[in-house]
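Subject: Structure handover

Dear colleague,

Please find the structure below. My notes on the strands and side chains follow it.

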Amino acid sequence: MQRLLLVGFLVMLSALAHAQHRPPKLEPLPEPPPPPPMQEGDEPAVRIPVETGDKIEEVREGGRVVMLKVTPPRGKPYYLVDTTGNGNWMRRDSLDDGVRVPMWPIHTWD
């Protein structure tokens, strides 16, 4: 037991001694390079082609497009959803996310 206390004391003492060392003289970082030039205009650089005849409905939230409903002339409609807000669109065939809350009874009273 005394040996364990002695080892613990020595570990704490070495940790305190290590914490008191001063770091070497630090130098400031150099200035970062300027950002690359951006394309002019409001149009995005990448466009996703849509079949002619498809009906597209936009859902906006705060001025940003967060969901597109695409209805082809023949076929079922599907949705393009930006779930994270960074422009990564995910296709969903329905807005049902598949989460089912369990609804079985835990206890009943007579």
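In which sense do strand β3 and β4 pair, and over how many bridges? Strand β3 (residues 78-82) pairs with β4 in the antiparallel sense, over 4 bridges. Strands here are DSSP runs (E, at least two residues), numbered from the N terminus, and two of them pair if DSSP finds at least two bridges between them.

On the source: this is a predicted model, in which local features need pLDDT of at least 70 and side-chain atom pairs count only at pLDDT 80 or more, while totals for chains, interfaces and linings use all residues. Residues are numbered from 1 along each chain as its sequence is written, and side-chain values use heavy atoms, with hydrogens and water left out.

The sheet is open and has 4 strands, in the order β1-β2-β3-β4, with antiparallel pairing.

- β1 and strand β2 (residues 64-71) run antiparallel and are joined by 7 bridges. Glutamate 58 stands opposite leucine 68 in β2. The hairpin they form has 2 residues between the strands, and glycine 62 in the turn has a positive phi of about 70 degrees.
- β2 and β3 pair in the antiparallel sense over 4 bridges; methionine 67 has valine 81 in β3 as its bridge partner. Their hairpin has 6 residues between the strands, with glycine 75 in the turn at a positive phi of about 135 degrees.
- Aspartate 82 has tryptophan 89 in β4 as its bridge partner.

As for side chains, the charged end of arginine 91 sits over the ring of tyrosine 78, 3.8 Å from its centre (the criterion is NZ of Lys or CZ of Arg within 6 Å of the ring centre and within 35 degrees of the ring normal).

Regards
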